[in-house]
Each structure stands twice: as structure tokens, then as C-alpha cells.
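Below are my comments on the model, arranged as numbered points so that each can be checked against the coordinates.

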Amino acid sequence: MLGGFISKKYFDRKRVVFVSNAKSYIESVKDTIQRRDPNQTEFQEAAFTVLDTLEPVLDKHPEYIKANLLERLVEPERAIQFRVPWQSDDGQFHVNRGFRVQFNSAIGPYKGGLRLHPSVSLDVVKFLGFEQVLKNSLTGLPIGGAKGGSDFNPKGKSDSEVMRFCQSFMTELQRHIGPDLDVPAGDIGVGGREIGFLFGAYKRLNGYQNGVLTGKGLTFGGSLARPEATGFGLLYYTHAMLKALGDTLTNKKIKVSGAGNVATYAIQKATEYGATVITCSDSDGYVYDPNGIDFKLVKQIKEVERGRIKEYAQRVETAEYHDGSVWDFDINYDIALPCATQNEISKDQAKLIAKDRVKYVCEGANMPSVPDAIATYRDNNIYYGPAKAANAGGVAVSALEMSQNSERLSWSFETVDNRLHDIMDNIFEISEAADKEYQLNQDYQAGANIAGFEKVAQTMMAQGLV
Ligand SMILES: NC(=O)C1=CN([C@@H]2O[C@H](COP(=O)(O)OP(=O)(O)OC[C@H]3O[C@@H](n4cnc5c(N)ncnc54)[C@H](OP(=O)(O)O)[C@@H]3O)[C@@H](O)[C@H]2O)C=CC1
Ligand SMILES: O=C(O)CCC(=O)C(=O)O
């Protein structure tokens, strides 16, 4: 029996007659998303990719259909948009848009990063917030999902301009966040500098509450290993996947995209595992070095000097720089680790990945592969570690930072790193367990979606109509 919430229009469609209840319910939720927000294409991509994998869970739990759980899951609890006025060094006045989407608080306070990039929109923040819900669930830690940011472009701005922007942004955001309510952190364009400015602005308005943000400096409640966490966690996850498949990272050739926080520490940990990272990139182009990329130099150029990655090739004799996407560079290698941004790998680029004999793709960035690229991995027997599982190390250590703030203690680097490693192993294990339970044939994407979803779903059911 289909629930009463399935529209007659939908029910009457011929093709629906032959599909299961679960399938038709999922299609009806997709229709609702499309009808409500037809222009939110990135959110649709993220939501549909998850919904399409949940059919076996709904078959097992028809009560979720009766409770219209999926339609509630894809609707944010709250979406805040605000004006961010700020002044540049030349005295001009500017206005940007600020966002915070508090997506789901079933299993804990809202948690997720802030992104500063011209491409930020409600659509982008919604897709990231939705991903964050299931990602945070996978960590096993008590954190709900959120995301925020602004279309402000920090590139080329002075420290004073970035500070004034952060102060203005926080003047509004502060009324919506708190250590037990919503705890933002970094993402693209938001690193230690920005978190420091945001924290200072929050403190002036509300007093010292160090649990209100994570990714803080070590002198005001930051956690050791948080800067490294997403990149290191990506490699711990990749290591766990390869181990389960009887393989190792030693002597593997790896392509990394990006040259920011996630990419830098992914390169470091991959190198420590005995692999050679042959590329990194920024939004202009990529560097190829067959001898292995030096993560310290990447960090110096991109984080300290705030320069362009082409400068790497000017300083290292064996390295070459090329304009364009690293995913168009044709060379045989073993593992692809996209660590830049969403939709950076197209279907054609995925075909090149397959032609280049890549066996594994694990995602450091959020949603870097378009759906057709993911299908191409599957068609070519490439093992695929989806972002919400593979890059969960950053938010996991953010949650550990919250724990340290609550007990007013700082754990050693080794303690945090060991817990991160355990969490990433566990994420792979529970994704693999879901894959096996539902006989998905080593579909770790579906496994991660299901494992993340089950905890949120059970909790939402337990909490009544939320
Ligand atoms: N920081 C974290 O803890 C986490 C981050 N992530 C995800 O990882 C990815 C990278 O984040 P992070 O390293 O923190 O960000 P950073 O701002 O530190 O670095 C981003 C990198 O990606 C490049 N990049 C950004 N946009 C584009 C684009 N449109 N095309 C090509 N390259 C681009 C940047 O190049 P350029 O310098 O030219 O802009 C830069 O090299 C994002 O998807 C983020 O959501 C996921 C989990 C946690
Ligand atoms: O550490 C956090 O809270 C945010 C991490 C994040 O933004 C992400 O996982 O995409």
C-alpha cells in the first residue's frame, strides 16, 4: 500500500505501476524536491544520489515510508540568509550574502563548516549541509548537520579586509550559533586566520565560549591534529579500503587535486604510507612531479604566501606546471584523490581515469564526482570511496575538539590522531557491513549512505514528528 502522501498524479503514471512501494516513494520525494526548488541543481544532485541508494532500507522498514521520513530528511530544519556589509581598504562599501543552513539536529547540535567562495549560494550550502548530516552520523559522534558561508571572495583581499568581513559576518551569525546549538568550522576559503577573526568577533558579543567554533588556534581551545584531520583521515579510509581488498598503499602512484588544507595533508600522509603523489592543483592549473610532490612546499606557497600553485614548478626542477584541470592530464596511475571542489570530475574525465588504469577513487572534496562519473567508476570496476565517508575525518576531529573544550583539556597529537584513525576504520567497516547486509556488491557509496541514514532515521523516528 502506498502512503496517502503519494500524489495521485504520481500514482497514475504508468511506469509506477511496476515498481515497488519504496521505489515509487523515493521518486515522489525527488519530484517534491524538484517542484519546490527547481533551480537548486547541486542540492538535487546530492539528495538524489542518496535517495537512489535507500530503496533496500525502505523495503526493510516500511514504517519510514508511512512516517514520510525522507521528505522530512531532505528539508532543512532552518535556512538563514543575511546581509554582510563590509568596507574595503580603499574605503568602498560592499555587500555579500551570508548563509547558514541548519539541516538536521536529530543526533546532536548542528555541525559543519563555513565556506567563503564566490560560488556560494543557498543551493551550494544546502547540498553541503545535506551531505554533512549523513557524514556526521557516520563518525559515530553526537553531531547533527549544517553548513554555511558567503559569496565573499577572500582571494586577493588584505588581512584587514578579511577581518572586517569576518566581523560583519559574525555580527549576524552569532545569534544563531552556540556550543550546544550550532558549531561552525572551516571549509574552502576558511582556515585558521578566518576562524581566529570569527572567534574574536563572537567573543566580543557573547563572552568567552570556546566550544562555539572548531578549527581554532591551539592557544584558544583548538585541537591538535584538526588541521591535518581531513587529509590524514582520507588516507586512513583509503588504507582501510585497500586492506579489505588485499592491497596496500605502498608504491602506489596517486593523483591529488587541490592544494589547500585537505590536499596538503593528504599528500603528507600518502607519502608517509610509501605512495608517490604525482600531482596537485589549484583553480588555474596543476603541477606534475614524477618524483613526488613536497607537501611542505605546497603549504608554504598556498597557505603562508597565499600564492598560485604554478610557483611550485618555478622552485622544483623536476616539476612541470600546466594550465587546466588535472583530470585532463593523461598518465597511468593507481589512485585518484580529488581534494578541490564539487563536480570537478566530469563523465569524460572519469573515462580518462578508467583508461589510465586507476583502481581506486576516494574523495577528499565534497561531491567532486558528477553522478555520471560515479557510474563510470562502477562500469569500470573502480572501487569508489564517497566523500561523506572518506572525508569525514575533519568533522570527526572537530567533534573531538568540542569534547576537549567541554572538559577544558587538550589531548596530545597522538591521542587525537589515533582516535581519528579508529573512526575512519570504523566508517569503512560500517559502510562495508551495510554493503554486505544489503548485498550491494562492494558498492561503498550505497553502504555509506545506508549506514549514515540508518542512525539518523532511527533517531528521527524515536523523537516523534521532527
Ligand atoms: N577543510 C576541511 O576540514 C574539509 C574540507 N572538505 C572539502 O574539501 C574540499 C577542499 O577544501 P579545503 O582544502 O578545506 O579548502 P581550501 O580553501 O584550503 O583549498 C581549496 C583548494 O581547491 C581549489 N579549488 C577551489 N575551488 C576550485 C574550483 N572551482 N576549481 C578548481 N579548484 C578549486 C583551490 O584552488 P584556489 O587556491 O585556486 O582557489 C584550493 O587549491 C572542499 O570540497 C571542502 O568542502 C571536506 C571535509 C572537511
Ligand atoms: O569540522 C567541521 O565542522 C566541518 C567540516 C566540513 O565542513 C566538512 O566535513 O565538509
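1. In this predicted model, strand β10 (residues 335-337) pairs with strand β11 (residues 360-362) in the parallel sense, over two bridges. Within this pair, Ala336 stands opposite Val361 of β11.

2. The pair belongs to an open sheet of seven strands, whose order is β9-β8-β7-β6-β10-β11-β12 and whose pairing is mixed. The edges are held by β9 (320-323) and β12 (383-385), each of which has a single partner strand, so one side of each is left without a neighbour in the sheet. On average, and with direction ignored, neighbouring strands of this sheet are turned by 15° against each other.

3. Helix α10 (residues 226-244) lies across β10, β11 and β12 of this sheet, and runs at about 150° to β11. What does α10 meet in α18? From α10 come Ala229, Phe232, Gly233, Tyr236, Tyr237, Ala240, Met241 and Ala244, and from α18 come Asp417, Leu420, His421, Met424, Asp425, Ile427, Phe428 and Glu432. By class, the residues of this contact of α10 with α18 divide into eleven nonpolar, two polar and three charged.

4. As to the geometry of that contact, the axes of α10 and α18 come within 9 Å and cross at roughly 45°, which means that α10 is oblique to α18. The crossing of these two helices is right-handed.

5. Helix α18 (residues 413-437) also packs against α17, at an angle of about 130° and with the axes 10 Å apart; α17 and α18 are therefore oblique to each other, and their crossing, too, is right-handed. The contact is made by Gly393, Ala396, Val397 and Leu400 of α17, together with Val416, Arg419, Leu420, Ile423 and Met424 of α18. Its residues divide into seven nonpolar, one polar and one charged. A reader who compares the two lists will find Leu420 and Met424 of α18 both in the contact with α10 and in the contact with α17.

6. A further helix pair is formed by α14 (residues 347-355) and α15 (residues 371-379), which pack at an angle of about 25° with their axes 8 Å apart. Because angles under 35 degrees count as roughly parallel, that makes α14 roughly parallel to α15. The crossing is right-handed, and in it Lys347, Gln349, Ala350, Lys351 and Ala354 of α14 meet Asp372, Ala373, Thr376 and Tyr377 of α15. This contact of α14 with α15 has four nonpolar, two polar and three charged residues.

7. Five strands form another open sheet, in the order β1-β2-β4-β3-β5 and again with mixed pairing. Here β1 and β5 (182-185) stand at the edges with a single partner strand each, so one side of each is left without a neighbour in the sheet. Neighbouring strands are turned by 20° against each other on average, direction ignored.

8. By contrast, β3 and β4 (residues 145-150) pair in the parallel sense over three bridges, and Leu116 stands opposite Ser150 in β4. Helix α8 (residues 159-173) lies across β1, β2 and β4, running at about 145° to β1.

9. Turning to the ligands, which of the 23 residues around ligand 1 come nearest? They are Gly260, Asp282, Ser283, Ala365 and Gly394. Helix α11 (residues 261-272) gives the most to this shell, with three residues, and by class the shell around ligand 1 divides into seven nonpolar, twelve polar and four charged residues.

10. Around ligand 2 lie Lys111, Gly112, Gly113, Gln132, Lys135, Ala185, Asp187, Thr214, Asn366, Gly394, Val395 and Ser398. At least two residues of this shell are supplied by each of β3 (110-116), α7 (122-138) and α17 (393-407), and the classes are two nonpolar, seven polar and three charged. Gly394 is listed around ligand 2 and is also among those that come nearest to ligand 1.

Definitions and conventions
Residues are numbered from 1 along each chain as its sequence is written. Chains are lettered from A and ligands numbered from 1 in the order in which they are written. This is a predicted model: local features need pLDDT of at least 70, side-chain atom pairs count only at pLDDT 80 or more; totals for chains, interfaces and linings use all residues. A residue is near a molecule or strand if its C-beta atom, placed from the backbone, lies within 6 Å of it. Helices (H or I, at least four residues) and strands (E, at least two) are DSSP runs, numbered from the N terminus. Ala, Val, Leu, Ile, Met, Phe, Trp, Tyr, Cys and Pro count as nonpolar, Asp, Glu, Lys and Arg as charged, and the others, Gly among them, as polar. Axes are lines fitted to C-alpha atoms, for helices over the stretch in contact, and angles run from 0 to 180 degrees between N-to-C directions. Angles under 35 degrees count as roughly parallel, over 145 as roughly antiparallel, 65 to 115 as roughly perpendicular and the rest as oblique. A crossing is left-handed if the near helix is turned anticlockwise from the far one by less than a right angle, and right-handed if clockwise. Two residues are in contact if their C-beta atoms, placed from the backbone, lie within 7 Å. Two strands pair if DSSP finds at least two bridges between them.
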